[in-house]
Amino acid sequence: MIKYSLKPGEPGMMGVSDCGAYIRIQIVLRPVKECGILLYLKNQPKKDPIRIPFPEECRFGSVYCCHLYGVDSKQFGYLFYEDETKIWDPYAKAVLGHKLFGLDHVKAQEKDAVTCCLFVKDTYAFQSEKRSGIPFSDSIFYMLHARGFTKDPSSNIKEAGTFLGIEKKISYLKNLGVTSLVFQPIYEFDECSQMKKLPSVKAPRMESIEIPGRGKDKINYWGYTKGYYFAPKAAYAYGDSPVEECKHLFDRIHKEGMEVILQFFFPEGIGLDYILNVLRYWTITYRVDGFHLLGTGFSMEQILRDPFLQNVKILGEEFLSYQVGDKSRLEEKRYGVAERRFMDSMRCFLKGDENQIQNFLYLMRRNPSDVGIVNYLASFGGFRLYDVVSYERKHNEENGEDNRDGETYNCSWNCGVEGESNKRSVLKLRKQPVKNALCFLFLAAGAPMIFMGDEYGKTGEGNNNPYCVDSPITWKSWKYKAREKDILQFTTALIALRKSHPILHRKTECLLMDSKRCGFADLSYHGREAWKPDFQYYIRHVATMLCGLYESVDGKADDSFYCLYNMHWEEHEFAIPKLPKDLKWEVILDTAKDTFSTTGEALEQTKEGTILVAPRSVMVCRSVSCKTKTKK
């Protein structure tokens, strides 16, 4: 037995906090015959817990506020109880008994069914300085799964599938050029909620996403479900302290000048106050830089108005046409919309569908003054980028639902062969549209977001809904084939090009006007004739010119860029817009010739003063001084 004492506390923050001299408790429980806390010895979890009832003087309505003295928080875990019903703490900061993932977790539970919450004392000292954040215009987002990022054996690290494993691969992300890491859910959730297992304790409304036809032997690999939102997932930690390991990872990411953005899924039924407490906690305690909020159970406008969240990025799927908050104190956009409109439209244009030019041009320049635009070509749901050019039908058989789940139409083209192929002609044909799509992403005005693995052309084997797949299909590989190395180098070079030229990532949207009276509009459109694009429904090619006079690098005007997009299966002629006498165009990128060089090559003109662009290809020209020697 332990000698403890329980005293009434003042109402304040919800949850349980280790304050050193005592443990502070504030929890909502039904005022039944008896409520209290159960203490479990961490090294003997099957032993009967110590039952400590809450006295009536600690109750304020349905809220119990008390200070618990005499308990060593390092030795015990806890649950609450209402009469004979055990209750999880919805504000638990760490969980015992969830160290293993998926099937391994189920087997462990069959051996030892006791799981409980843990007391957490905040002792981590961050080494990185608090930063003001990276503007949307300078951001390169990278979405990753904390387990899948390093779980593949090709990662060659013993900490595979954990926070510590990610930490060992930060240099890869830094070299790639990304600025902001978007983590799929890392909060504690029950990935095995649909499996048969021994009954545990009552969890407050912890049902998962409704997925028609879902069997009882599936795991929730993604984590888009209700969970214990204050606790980092124990199965994603290599050591025994997911709290410390998670904080250390974020600290390392910040030291490298990158941001941490966390995804949270909030379905209907979760109160706004609870959601705000979750976001405030991760902002203050873990120093995260922003959140990507998914679900339908909240008001984005109310979240944006919260004073605690005024210096963090918020990403959502709903377009808000104004910036919520005190505009006089906001120097940068803080809300970004990550909707699938860009992905769907770009896939249609890439495939060569009719009547896409005007929509393509609008989405490429879209960059409103008060809302950040986050563009992506693939995400966790739907085909991977490489599968868009490898499959015309979904192949979700591994999900165990007779291929009925997932989207039926993916706006894809398999280049003549369904699925994986070793034919050089097919591989070459597929690589070109992948590079075309990457050009769309990184030459668009909105902030680009890459989904883990798309930077090198990872395939998901045609599975467009791998919510329950914990295998190499969803894991990132670290051993690349020749075509994957080439795509990775191309992506890295595109990111570097974008970051080094502010005209390619402006803070404001182009006006399509000569607002500087310099003889050139900030952005202009061209076709067979300069300044005269063709918008007829059957046209599948267009060119854009970004004038470098509207941005500067080290006090000098930036280079201008002439980007030619031909998604037709026939070659087309484009006019060449004239530059000032001291400048000329050089080709730095041509997906048809599979070239990308910052030194550039001379622009090959026809007798009519136009340029020929090959079928299904992108060419990018840059303005250089006439004195600059071009590569022969």
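Colleague: Ground rules before we start?

Modeller: This is a predicted model, so local features need pLDDT of at least 70 and side-chain atom pairs count only at pLDDT 80 or more, while totals for chains, interfaces and linings use all residues. Residues are numbered from 1 along each chain as its sequence is written, and side-chain values use heavy atoms, with hydrogens and water left out.

Colleague: And how are helices and strands named?

Modeller: They are DSSP runs numbered from the N terminus: helices are H or I with at least four residues, strands are E with at least two.

Colleague: Which strands make up the closed barrel?

Modeller: Eight strands, in the order β12-β13-β16-β17-β18-β19-β20-β21, with parallel pairing. Two strands pair if DSSP finds at least two bridges between them. Neighbouring strands are turned by 25° against each other on average, direction ignored.

Colleague: How many bridges join β13 to β16?

Modeller: Four, between residues 180-183 and residues 259-266. Serine 180 has glutamate 259 of β16 as its bridge partner. Helix α4 (residues 242-255) packs on the sheet there, touching β13 and β16. The direction of α4 makes about 135° with that of β16. Angles run from 0 to 180 degrees between N-to-C directions, and axes are lines fitted to C-alpha atoms, for helices over the stretch in contact.

Colleague: Leucine 181 next. Buried or exposed?

Modeller: Buried, with a relative accessible area of 0%. The cut-offs are under 20% for buried, over 50% for exposed and partly exposed in between, with a 1.4 Å probe and protein chains only. Leucine 181 sits in β13.

Colleague: What does leucine 181 touch?

Modeller: Tyr142, Leu144, Leu173, Ile253, Glu259, Val260 and Ile261, leaving aside residues up to four places away in sequence. Contact means heavy atoms within 4.5 Å.

Colleague: Where is arginine 147?

Modeller: In the loop between β12 (141-144) and α2 (163-167). Arginine 147 is buried too, at 10% relative accessible area. The contacts of arginine 147, again without residues up to four places away in sequence, are Phe101, Gly161, Tyr221, Tyr236 and Asp470.

Colleague: Switching to helices. At what angle do α7 and α8 cross?

Modeller: Roughly 135°, with the axes coming within 10 Å. Helix α7 covers residues 341-351 and helix α8 residues 357-365. The two are therefore oblique to each other. For the terms, angles under 35 degrees count as roughly parallel, over 145 as roughly antiparallel, 65 to 115 as roughly perpendicular and the rest as oblique.

Colleague: Which residues meet there?

Modeller: From α7, Arg341, Phe342, Ser345, Met346 and Phe349. From α8, Ile357, Asn359, Phe360, Tyr362, Leu363 and Met364. By class, that gives eight nonpolar, two polar and one charged residues. Ala, Val, Leu, Ile, Met, Phe, Trp, Tyr, Cys and Pro count as nonpolar, Asp, Glu, Lys and Arg as charged, and the others, Gly among them, as polar.

Colleague: Which residues of α8 are buried?

Modeller: Ile357, Phe360, Leu361, Leu363 and Met364. Their cover includes α7, α9 (424-443), β22 (523-526), β23 (541-546) and β26 (561-566).

Colleague: How do α9 and α10 lie against each other?

Modeller: Roughly parallel, because of their crossing angle. Their axes cross at roughly 20° and come within 10 Å, with α10 spanning residues 482-500. Among the residues in the contact are Val434, Leu438 and Phe442 of α9, and Ile487, Phe490 and Leu494 of α10. The contact residues divide into 10 nonpolar, one polar and five charged.

Colleague: Last topic, the hairpin. What is the phi of aspartate 594?

Modeller: Near 60°, a positive value in a residue other than glycine. Most residues other than glycine have a negative phi. Aspartate 594 lies in the loop between β28 and β29, and this hairpin has four residues between the strands. At 35% relative accessibility, aspartate 594 is partly exposed.

Colleague: And how do the two strands run?

Modeller: Antiparallel, with four bridges joining β28 (residues 583-590) to β29 (residues 595-602). Valine 587 has glutamate 601 of β29 as its bridge partner.

Colleague: Where else is there a positive phi?

Modeller: At asparagine 403, where phi is also near 60°. Asparagine 403 is in the loop between β20 (372-376) and α9.
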